[in-house]
Amino acid sequence: MALAAPGQLNTEVLPSYGSRSVDCFEKLEQIGEGTYGQVYMAKDNKTGETVALKKIRMDNEKEGFPITAIREIKILKKLDHENIVRLKEIVTSTSTEKDEQNSQEGGKFKGGIYMVFEYMDHDLTGLSDRPGLRFTIPQIKCYMKQLLSGLHYCHAFQVLHRDIKGSNLLIDNEGKLKLADFGLARFFATDHGGNLTNRVITLWYRPPELLLGATKYGPAVDMWSVGCIFAELLNGKPILPGKNEPEQINKIFELCGSPDEINWPEASKTPWYSNFKPSRPLKRRIRDNFRHFDRHALDLLDNLLALDPNKRWTAKQALDAEYFWTDPLPCDPKSLPKYESSHEFQTKKKRQQQRQNEEQAKRQKIQHPQQHARLPPIQNVGQAPSHWHGSNHPINNAQGTVSSGPSHHHYGKPRGPPTGPNRYPSSGNQSGGYPNRGNQVGGYSGGPYPAHGRGPGSQVGGYSSGQYPAQGRGPPYVGSGMPVPGPRGAPGGYTGPPQGRNY
């Protein structure tokens with residue numbers, strides 16, 4: 001099959017979709033599970049390639065094929081970018097899997113449908129949760145730049161992800177980060193007046209406009225989530241861990257200030273504003289609460305967490321931020337250490353076992369050490385740490401060789417509240433793990449990585465349907481050999497051709 005040119009939509013239908021059986025793959029282990037299916041690590045029997053198989057659940061035949069799976073397949077078939085996970089093919093299984101719902105009504109049997117994705121070794125949340133691991137500032141910049149690049153591509157071609165969180169950001173052992181789980185994604189058009197659901201995005205990463213009931217929104221909802229991810233990487237733990245929607249909006253107002261006619265003129269027009277309006281004016285405290293961040297990081301975070309979605313930075317503006325162009329610069333992904341695979345599904349089992357052990361320990365009055373907390377990033381601004389020598393060394397000096405055992409990877413499965421003990425110390429997050437927000441499971445696609453340029457002719461912010469617009473200022477990594485960046489453009493908003501029909 002002929003692939004689309006770099007940065008262009010892939011509109012050609014894959015001929016292999018549905019033409020092979022799942023029997024062509026050997027399932028090695030389960031690495032994810034949710035309402036819409038299970039995810040398995042598998043090996044292609046013909047090529048020996050390791051892939052991820054996502055089984056689409058078809059338990060309710062009355063509703064037909066799940067709409068989330070239809071959207072996911074439709075969008076991933078068209079997106080072609082190296083920071084978007086790649087959907088390789090669709091395979092089917094014969095009717096050997098018994099339908100549990102109908103087994104008592106005549107013993108009916110039915111087959112299954114699997115989405116085949118490229119296999120990724122980790123997700124960002126699972127990697128962050130490794131005991132003793134510390135990301136360096138160049139590593140955080142590297143991951144953030146790849147996230148923004150993939151999201152910029154999506155927004156340029158008018159796709160909202162609507163599910164940005166650490167567990168949906170997959171990372172391989174080459175340091176490549178890819179957006180996954182497009183089950184809640186959809187096309188959008190700037191001139192379309194239709195309403196969209198506000199019941200999207202995990203609570204901790206949901207922007208204030210959705211919490212206040214907005215049904216007309218655009219790429220800014222994804223950018224709020226990016227801001228939360230960015231602060232989480234630098235801070236070592238989630239910054240807005242609300243237990244429910246009222247608490248979540250209160251946490252946002254306590255950090256970002258209460259909305260008024262200056263910082264968010266349209267806030268009073270949102271459907272639920274009167275229900276959540278603060279009883280007293282609140283001061284914006286981002287720069288006070290995170291004063292240990294450097295000033296360029298604070299500038300980027302402040303603009304990503306703007307209350308007014310119209311003032312929130314776009315992915316292109318964020319790529320052009322000074323943060324990515326001052327020392328220490330983003331590192332080359334290939335220079336990052338290699339880690340043992342981190343699968344969240346296995347980590348959940350490990351936490352359940354740990355909880356059982358702790359309960360037993362309480363009964364036996366045996367004191368066990370507290371669970372680890374994430375460590376803040378290494379703040380040195382010089383070269384990479386000396387312990388980076390060698391391809392298999394972890395980042396933290398104290399970590400040593402990564403041990404074998406259960407890990408924490410996520411192929412698009414939502415992070416629900418943990419059933420085990422708190423991941424963070426008692427002085428930090430009191431609400432436990434991530435809230436469940438829809439039980440989505442997995443998404444994959446990919447393609448060539450366009451240059452991040454501020455060169456001549458780049459259109460900043462204003463997206464069109466032509467050639468994929470340039471991103472940022474210049475080469476994404478130090479010493480990459482890419483062209484010298486050109487002059488900076490002026491920031492702008494999102495525009496572009498309508499996609500005709502929204503999904």
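Reader: Let's start with helix H9. How many of its residues are buried?

Author: Happy to start there. This is a predicted model, and in it helix H9, residues 295-304, is mostly covered, with seven of its 10 residues buried. Those seven are His296, Ala297, Leu298, Leu300, Leu301, Asp302 and Leu304.

Reader: What covers the buried residues of H9?

Author: Other helices are part of the cover, including H5 (220-235), H8 (286-289) and H10 (315-319). Look also at the start of H9, where a side-chain oxygen of Asp294 comes to within 2.9 Å of the backbone nitrogen of His296.

Reader: Let's zoom out. How many helices and strands does the chain have?

Author: There are 11 helices and 11 strands. Of the 503 residues in the chain, 55% are buried. The accessible surface is about 21,600 Å², and carbon and sulfur atoms hold 50% of that surface. For the contacts with a separation of 6 or more, 74% are between residues 24 or more positions apart.

Reader: Now strands, please. How should I read a pairing?

Author: The general idea is that strands of a sheet pair through backbone hydrogen bonds, in a parallel or an antiparallel way. Here, strand E3 (residues 37-44) and E4 run antiparallel and are joined by five bridges. In this pairing Met41 stands opposite Ala52 in E4. The two strands form a hairpin with five residues between them, and Gly48 there takes a positive phi near 80°.

Reader: Is E4 mostly covered or mostly uncovered?

Author: Mostly covered: strand E4 spans residues 50-56, and six of its seven residues are buried.

Reader: Which strands form an open sheet, and in what order?

Author: Three strands do so, in the order E7-E9-E10, with antiparallel pairing. Strand E7 (122-123) and strand E10 (177-179) stand at the edges with a single partner strand each, so one side of each has no neighbour in the sheet. Between E7 and strand E9 (residues 169-171) there are two bridges, and His122 stands opposite Ile171 in E9.

Reader: On to packing. Which residues touch the most other members of the largest nonpolar core?

Author: That core has 95 residues, and the ones touching the most other members are Met144, Phe182, Ile229, Phe230, Ile252 and Tyr323. Helix H3 (residues 137-156) gives the largest share, 11 residues. Domain 1 (25-95 + 110-119) and domain 2 (123-345) both give residues to this core, so it lies between them. There is also a second, separate core of nine residues, with Val22, Phe25, Tyr40 and Tyr114 among them.

Reader: Could you take one member as a case? What does Ile229 touch?

Author: Leaving aside residues up to four places away in sequence, Ile229 touches Leu124, Met144, Leu147, Ile164, Lys165, Gly166, Leu169 and Tyr205.

Reader: Where is His81 found, and is it buried or exposed?

Author: His81 is in the loop between helix H1 (67-78) and strand E5 (87-98). His81 has a relative accessible area of 0%, so it counts as buried. The side chain of His81 reaches the backbone nitrogen of Asn83 at 2.9 Å.

Reader: Where do Gln158 and Ile201 lie?

Author: Gln158 lies in the loop between H3 and strand E8 (159-160), and is buried with a relative accessible area of 2%. Ile201 is found in the loop between strand E11 (186-187) and helix H4 (208-211). Ile201 counts as buried, at 0% relative accessibility.

Reader: And which residues does a cis peptide bond join?

Author: Asp327 and Pro328, with omega about -5°. To find the spot, go to the loop between H10 and helix H11 (344-363), where Pro328 is located.

Key. Residues numbered from 1 in each chain as written. Predicted model: local features only at pLDDT ≥ 70, side-chain atom pairs only at ≥ 80, totals over all residues. Heavy atoms only, no water. Buried < 20%, exposed > 50% of the residue type's maximum accessible area, 1.4 Å probe, protein only. Helix = DSSP H or I, 4+ residues; strand = E, 2+ residues; numbered from the N terminus. Contact = heavy atoms within 4.5 Å. Polar contact = N/O pair within 3.5 Å; in protein donor to acceptor, adjacent residues only side chain to side chain. Areas by Shrake-Rupley, 256 points an atom, 1.4 Å probe, with all protein chains shown as cover. Pairing = 2+ DSSP bridges. Core = buried A, V, L, I, M, F, W, Y, C linked by side-chain atoms within 4.5 Å. Domains from an automatic or database assignment.
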